[in-house]
Amino acid sequence: MYQLILCTCPDLEVADKLAGTLITQKLAACVNILPGVRSVYEWQGEIETAQEHLLLIKSHQDRYAAIEATLKSLHPYQLPEIIAVAIESGSLDYLKWIDSCLGID
């Protein structure tokens, strides 16, 4: 099963570092970095707002545990957003490309 994993980052430097690590370690086939995300959330009883960068991580469910561990170990947030969404369907050629990037036959 393929997954799209979402993770917000405080700035482009962190986003680039996380994306590069995931690709280098063959945990993700592609990571899109979307700048200019404005987040509004409650943290420790207070309403917060932040300008963030959103990572869209394309991978496979068998890589999820390693992706989560990598993000948690490198991310500056105490509690980083890490949410996985199943990819139920997609272009067969693109999904095969994900497999090839991850070394899955």
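Helices (H or I, at least four residues) and strands (E, at least two) are DSSP runs, numbered from the N terminus. The model is a predicted one, in which local features need pLDDT of at least 70 and side-chain atom pairs count only at pLDDT 80 or more, while totals for chains, interfaces and linings use all residues. Residues are numbered from 1 along each chain as its sequence is written, and side-chain values use heavy atoms, with hydrogens and water left out.

1. Helix α1, length and faces. The 13 residues of helix α1 (residues 12–24) should span 18 Å at 1.5 Å a residue, and the end C-alpha atoms are 18 Å apart, which agrees; the expected span is 1.5 Å times one less than the number of residues. Within α1 the buried residues are V14, A15, L18, A19, T21 and L22. They cover an arc of only 165° around the axis, which puts them on the same side of α1, the arc being that of the directions from the helix axis to the C-beta atoms. E13 and T24, on the other side of α1, are exposed.

2. What covers α1. The buried residues of α1 are covered by elements that include β1 (2–9), β2, β3 (46–60) and α2 (64–74), where contact means heavy atoms within 4.5 Å.

3. Helix α2. I67, T70 and L71 are the residues listed as buried in α2. Seen down the axis of α2, these buried residues fall within an arc of 95°, so they line one face of the helix. The face turned away from that buried side carries the exposed residues A65 and S73, whereas the buried residues pack against β1, α1 and β3.

4. Y64 and I82. Y64 lies in helix α2, and, leaving aside its neighbours within four places in sequence, Y64 is in contact with Q3, I5, I82 and A84. Its C-alpha atom is 26 Å from that of E42, although Y64 and E42 are 22 residues apart in sequence. I82 is found in the loop between α2 and β4 (83–87) and, at 16% relative accessibility, counts as buried. Not counting residues up to four places away in sequence, I82 touches I5, L6, Y64, E68, L71 and K72. I82 and I67 are 15 residues apart in sequence, with a C-alpha to C-alpha distance of 9.2 Å.

5. Helix α3. In helix α3 (residues 92–102) the buried residues are L95, I98, D99 and L102. They cover an arc of only 100° around the axis, which puts them on the same side of α3. D93 and K96 are exposed on the other side of α3, and the buried residues of this helix pack against β1 and β3. Just after α3, G103 takes a positive phi of about 75°.

6. Most residues other than glycine have a negative phi. K26, which is not a glycine, has a positive phi of about 55°; K26 lies in the loop between α1 and β2 and is partly exposed, with a relative accessible area of 47%. Q44 has a positive phi near 50° and is likewise a residue other than glycine; Q44 lies in the loop between β2 and β3 and is exposed, with a relative accessible area of 64%.

7. The largest pocket. About 280 Å³ of space lies in the largest pocket, whose lining consists of T8, S39, V40, Y41, W43, E52, Y77, Q78, L79, P80 and E81. A pocket here is an open set of points on a 1 Å grid over the protein atoms alone, where a 1.4 Å probe fits, with protein on both sides within 12 Å along at least five of seven lines, and lining residues have an atom within 4 Å of a point. The volume is the space filled by probe spheres set on the points, which are joined across faces, edges and corners. Strand β2 (residues 30–43) gives the largest share of the lining, four residues. The lining divides into six nonpolar, three polar and two charged residues, where Ala, Val, Leu, Ile, Met, Phe, Trp, Tyr, Cys and Pro count as nonpolar, Asp, Glu, Lys and Arg as charged, and the others, Gly among them, as polar.

8. W43. W43 is found in strand β2 and is partly exposed, with a relative accessible area of 31%. Not counting residues up to four places away in sequence, W43 touches E48, Q78 and L79.

Notes:
Buried means under 20% relative accessible area, exposed over 50%, partly exposed in between (1.4 Å probe, protein chains only).
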